[in-house]
Amino acid sequence: MAQAGKGKLNYRCPSCFMRDLDIDMFYDTKKEEYYCIRCQYHGSEEDVLSKNEMARFRYKAMRKRFTSFDFD
Amino acid sequence: MSDFIVNIIHRPELAPEYAEKVTGSGKKENIKRTDLRDESLDIFRFQQETAHKNGLKTTIQMTYASLFSDEAVAIAKEDHARWGDEIGLSLLGLPCPQFREKYHTREFCIWMFSMEEKKAIVDDVFGLFHERFGFWPESTSSYYLDADLIHYIKTVCPSVKCAVATCWEEGPKAYHTCNNSWYTFMDGGPWAPWIPSRQNTHAPASGPEEDSGIVAIPHLSRDLIACYDGNGSNFGTHPQNVLRGMIYDTATWEFPYYYNLVDQYRSLEKYNDGYAYNMMFVGPGWLNRMGRWEAPYELLKKSYEEGLGYYGELKKRGELTDLTMSEFADYYRSKKSYHEPECAPWRDILYGSDKQLFWYCDANMRACINMDQGGALVDLRNYAAKLRIPVGVGTGNPVDASYPFLIQEKYRAGYFTHYAGAGTIRSAVFSHQGYEANLCQCRTHAHFIEEELEEKDLLCNAKGWKKKKERCLILDPVELELGDLKFKVLTRIFFPEGESLIKMARKVYDFSRKDAKVSLKEYMTACYGTTEYAQDMTGITLGLDSPESRSGARSQELLEYQYRDRSRRMEGAKRAWAVIPQIQTNVSMEISRPDACGFIEEGYAFSPMFTLGFTADLSEGEEAVTWLRLAKEN
């Protein structure tokens, strides 16, 4: 296989994202998967996207529109 | 009548720091690429058009690279004439063929050059601006501008009165997020506009003699909870920050968090004399056609259009005033007085926790109170010390522009530590018959009140006076259960303007046994530093002072820090204090009760902290008041 490059978008490693680390992944054309050069995460585009959804678990109010910001 | 002021700032970078790496995937780095330059100019045009479509004027921060582009100069002149946009001069966006040929470096951060180079670049960039436009700029910008650099800019170009001068809490957290490759640190500054002192950009001026001559604004308006704990670049008033944080619905591409962020900033007018502020400072790199992060170009574009669309809608409703940077500087100086603080009760708007912080910033300190930990003081910077911290090559400090902390609950633990040791925090512990509880274990909320004082403070334009105030947080009472005793604690926290102190009052009441007494320990555990890693504590002195006798004599207990885990106590102590020469700081605590016992505690190598405080016994309905004072120690 020739050297790896970027995929069609700059997918970041979802595992590293969850520890507040932004690191672009590379794409392995032979295995048809993205992989992280820092940690051991690797997965298809579909897997990356599903893990990105998982990464949002902490944003429990992400879809809420607040109208009050105090506790008075 | 309240004012919500917004600065929209665009900078025509022609080789954006992000796009250069990202769009060039698989291609050798080449900042002369014409496609990169053309795309950057197109993005700049799109940004300008989007602002104008929404009825908003902008400040165009010309970059060095763009000053060589006739097209960029023409767009700026045209938009200035047609829309009233201000043309300022940025010190970001230095990279371009002309810069590299002249200075022979890939460095792009003006604050990290040597002073000699800073001067040469300022002369060059400002001179070129004047040559292209025929006037001097009134505003400038960077991610950080150190005090010496601001002073030099004012010398070369006295017309500059406003500058983007820091990125809030972009220190170790930003560094870690960027895979330990973002070698610049600027924690510990204000989150909202301020007047930098001549000594240190992060520390606001306390009067005309310290006034650097500019009004500083932070790079973006950040989420004051999310950015303190996480990556600053995910949670700010730049729509693509929100995309970087993945804070949008992937099915609908909706991002209500962004509007919540803007609205929470709007709500801060209640605590700042009817004034609230937002800024958006955007380069073109985020809007490149190849997309950014997981977001395709269409989403980037949508987020930008809708972000500015919301500002436009607010303006149409008469709820927003768009000013250019220099207009804002005039507004700010006529509105604010030198000792007037910036106050920000801040609610979690992302994680659904109902957590609440209170941020306070004035010329003497920056402080954060955490209501989720019973009103503990979890971050503290001694601006009264006005530390001179030269930064840049040749200063011995090339990268760290952060203002040091005494308390930082994330970098040096807080209430919770593993197995042993102590973390930095200012809190209180109650104990009774072998049981104890720290107020950090109590989740509560606070309410803000303020009261005018008799004393007056000079307006920042020196054309008038404004009455000083005392701000106060009243916390919802918390209940403690210590063995068979239940009781309530009411905490009130006061910030008297210009006094360089935090007063905390604790009242205990509603005892389940009226004859019971509880023991109160008011304490501060602190150290110093700018990162997670411990500094040498040698040289710190801890002390206890007795009250003065009639003859004026007083006794003293002293501990010179030697990591020996020693402690001292003094019945009836007047003051417990620490002198930290490394940050020219004197911090002390006093208590209202003459029967209290003062204490000081040295740490040890595994726990390189010190603690000072008081213990006192309280009965039903009694109160103890403490004063934490910050001063400069020469």
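Two strands are said to pair if DSSP finds at least two bridges between them. In this predicted model, two bridges join strand E3 of chain B to strand E4 (residues 139-141) of chain B, and the two strands run parallel. Within this pairing, B:Leu89 has B:Thr140 of E4(B) as its bridge partner. E3(B) also pairs with strand E2 (residues 59-62) of chain B, in the parallel sense and over four bridges. Here B:Thr59 stands opposite B:Glu86 of E3(B).

Strand E3 of chain B covers residues 86-90, and five of its five residues are buried, so the strand is largely enclosed by the rest of the structure. Both of its faces are covered. On one side the buried residues are B:Glu86, B:Gly88 and B:Ser90, and on the other they are B:Ile87 and B:Leu89.

Two packed helices are described by the angle between their axes and the distance between the axes. For helix H2 (residues 34-53) and helix H4 (residues 70-83) of chain B, the axes come within 11 Å and cross at roughly 5°. Angles under 35 degrees count as roughly parallel, and H2(B) is therefore roughly parallel to H4(B). H2(B) contributes B:Leu41, B:Arg45, B:Gln48 and B:His52 to the contact, while H4(B) contributes B:Glu71, B:Ala72, B:Ile75, B:Asp79 and B:Trp83. By class, the residues of this contact are four nonpolar, two polar and three charged.

On the scale of domains, chain B is divided into domain 1 (3-336) and domain 2 (344-632). Their C-alpha centres lie 35 Å apart. The contact between them takes 47 residues from domain 1 and 44 residues from domain 2 of chain B. On the domain 1 side, the elements that give two or more residues are helices H6 (115-133), H9 (226-229), H11 (256-267) and H13 (325-335) of chain B. H11(B) gives the most to this side, with four residues. The domain 1 side has 25 nonpolar, 14 polar and eight charged residues.

The contact between chains takes 34 residues from chain B and 28 residues from chain A. On the chain B side, two or more residues come from each of helix H8 (172-177), H11 and strand E9 (342-347) of chain B. The largest share of this side, seven residues, comes from H11(B). The side of chain B that touches chain A divides into 13 nonpolar, 16 polar and five charged residues.

Notes. Residues are numbered from 1 along each chain as its sequence is written. Chains are lettered from A and ligands numbered from 1 in the order in which they are written. This is a predicted model: local features need pLDDT of at least 70, side-chain atom pairs count only at pLDDT 80 or more; totals for chains, interfaces and linings use all residues. Domain bounds come from an automatic or database domain assignment. Two residues are in contact if their C-beta atoms, placed from the backbone, lie within 7 Å. Ala, Val, Leu, Ile, Met, Phe, Trp, Tyr, Cys and Pro count as nonpolar, Asp, Glu, Lys and Arg as charged, and the others, Gly among them, as polar. Axes are lines fitted to C-alpha atoms, for helices over the stretch in contact, and angles run from 0 to 180 degrees between N-to-C directions. Angles under 35 degrees count as roughly parallel, over 145 as roughly antiparallel, 65 to 115 as roughly perpendicular and the rest as oblique. A residue is buried if 20 or more other C-beta atoms lie within 10 Å of its own, exposed if 12 or fewer, and partly exposed in between; C-beta atoms are placed from the backbone.
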